[in-house]
Amino acid sequence: MAVNAARFLEDLHTLRSFGASGVGKGVVRPAYSKADIAARRWLANRMEEAGLRVQFDPVGNLFGLAEGPSLLLGSHSDSQPQGGWLDGSLGVIAALEIARSSNRPVSVVSFQDEEGRFGVTTGSAVWSGHMRLNRADALTDLAGVPFATARATMADLAGGFVDASQFTGFVELHIEQGPVLDSERDQIGVVTDIVGIRDMVITFEGQQNHAGTTPMHLRHDAFQALATFNARLEKRFQKHLARRTVWTIGYVSLLPNASSIVPGRVSFSIQWRDSDPARLGRMEKIIRTTAKEVAAERGMTLSNGMMLGLDPVAMDPALRAALEAGAEAVAPGRWRRMPSGALHDATNVARLMPVAMLFVPSIGGISHNFAEDTDEEDLVAGLRVLDHAVQELA
């Protein structure tokens with residue numbers, strides 16, 4: 001049977017309706033939200049209609065299982081707090097379409113909390129054994145909700161963990177989330193490797209005081225500590241970073257966050273990514289050393305949250321070769337090999353089995369944004385490359 005492009009696109013747009021933002025094609029479907037759980041129930045029904053055996057695991061990962069040994073395809077269906085309609089969803093719906101049209105046994109997965117409400121790709125991290133469940137349960141989101149509390153909202157659906165030994169490999173189709181394919185007018189990217197990531201929260205605690213009566217030289221201003229840390233870190237990193245290295249302070253909580261009060265406490269995230277594990281380690285040392293220096297200089301108490309992270313992963317040569325053959329068949333002269341600067345569930349799954357990844361363009365390189373989009377012609381091309389690769393592997 002050939003893949004049904006119209007059915008694939010219809011399902012992709014239906015999934016978008018769960019948590020639709022009302023702004024363009026954007027979605028608001030964070031992990032364990034009502035919209036996320038409703039979407040997973042709908043996906044489970046579609047998997048059953050495709051003849052797959054449905055199983056939710058204790059953390060909400062959703063599997064549609066074929067009989068016997070099978071290739072596992074999929075991604076995730078949760079979104080960023082303000083997310084796009086394709087991030088993760090494309091891989092899940094493409095996997096579903098391949099499963100119901102392929103003559104080879106294909107299983108489907110939608111991992112939970114890939115977008116990091118509680119950590120780094122939490123659902124696949126627990127399933128792969130990268131993180132113990134009791135450690136995950138101790139994680140909290142930015143509102144202080146524990147992971148254990150969030151996953152309890154799916155307790156009525158939960159079964160046991162799925163045995164990974166039944167899968168021969170994992171392939172994840174995804175939007176690029178970057179500008180390369182779109183700007184170069186390529187239709188397909190075959191991923192060579194996924195960068196590693198480190199992520200932690202740092203807190204400076206000083207002294208809250210009156211903004212009008214406290215002399216500057218007597219202040220223990222938490223925001224000024226953050227500003228000094230950021231400027232010093234940027235200068236030091238210039239000596240150590242490679243072209244593809246990135247680092248981000250993306251979340252800041254300033255207390256009490258009032259215009260007439262010297263802030264006494266600041267907590268902020270620091271995330272860094274690179275393809276070299278040794279460089280990731282050197283960056284961690286620089287971050288910790290710089291934070292200690294700033295805290296000492298400004299009379300601050302310093303605390304660091306749990307550091308989360310994943311090491312870089314190279315794609316499996318055999319799976320990658322099948323994707324390259326599919327790319328040449330579907331988009332001759334319009335595909336390229338490329339690294340992934342974004343993190344994906346495939347990084348965790350690589351602990352258990354061979355993995356590979358396939359990209360389609362993101363218009364304007366925009367993702368994690370309501371404006372995220374991809375031409376439907378390119379979405380279908382990605383589906384056809386995936387289908388070609390599955391047949392090649394058969």
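Me: Which residue takes a positive phi just after α2?

Reply: Gly51 does, with a phi of about 85 degrees. The model is predicted, so local features need pLDDT of at least 70 and side-chain atom pairs count only at pLDDT 80 or more, while totals for chains, interfaces and linings use all residues. Residues are numbered from 1 along each chain as its sequence is written, and side-chain values use heavy atoms, with hydrogens and water left out.

Me: How many helices and strands does the protein chain have?

Reply: Start with the rule. Helices (H or I, at least four residues) and strands (E, at least two) are DSSP runs, numbered from the N terminus. Here the protein chain has 12 helices and 17 strands.

Me: How do I read the span of α2?

Reply: The expected span of a helix is 1.5 Å times one less than its number of residues. Helix α2 covers residues 34-49, which is 16 residues. From first C-alpha to last it reaches 23 Å, close to the expected 22 Å.

Me: Which residues of α2 are buried?

Reply: Buried means under 20% relative accessible area, exposed means over 50%, and partly exposed lies in between (1.4 Å probe, protein chains only). In α2 the buried residues are Ala35, Asp36, Ile37, Ala39, Arg40, Trp42, Leu43, Ala44 and Met47. An α-helix has 3.6 residues a turn, so residues three or four places apart point the same way.

Me: What do the buried residues of α2 pack against?

Reply: Contact means heavy atoms within 4.5 Å. The buried residues of α2 pack against helices α1 (5-16) and α3 (89-101), and against strands β1 (53-56), β2 (62-65) and β4 (106-111).

Me: Where is Tyr32, and what is its phi?

Reply: Most residues other than glycine have a negative phi, and most peptide bonds are trans. Tyr32 has a positive phi, near 70 degrees. Its place is in the loop between α1 and α2.

Me: Is Tyr32 buried or exposed?

Reply: Tyr32 counts as buried, because its relative accessibility is 6%. Now take Arg185, whose phi is also positive, near 60 degrees. Arg185 sits in the loop between α7 (180-184) and β6 (188-194). Arg185 is exposed, because its relative accessible area is 68%.

Me: Which residues does a cis peptide bond join?

Reply: Look at omega. Leu255 and Pro256 are joined by a cis peptide bond, with omega about 0 degrees. Pro256 lies in the loop between β10 (252-255) and β11 (261-262).

Me: How far apart in space are Leu343 and Thr121?

Reply: Compare sequence with space. Leu343 and Thr121 are 222 residues apart in sequence and 8.2 Å apart in space, C-alpha to C-alpha. Leu343 is in the loop between β16 (335-340) and α11 (346-349). At 11% relative accessibility, Leu343 counts as buried. Neighbours within four places in sequence aside, its contacts include Thr121, Ile194, Arg273 and Leu310.

Me: What is Thr228 in contact with?

Reply: Thr228 lies in helix α8 (residues 222-237). Leaving aside neighbours within four places in sequence, Thr228 is in contact with Val294 and Arg298. Thr228 counts as buried, because its relative accessibility is 18%. Thr228 and Ala148 are 80 residues apart along the chain, and their C-alpha atoms are separated by 36 Å.

Me: How much of the protein chain counts as buried?

Reply: Of its 394 residues, 54% count as buried. Contacts can be sorted by separation too. Of those in the protein chain with a separation of 6 or more, 78% come from residues 24 or more positions apart.
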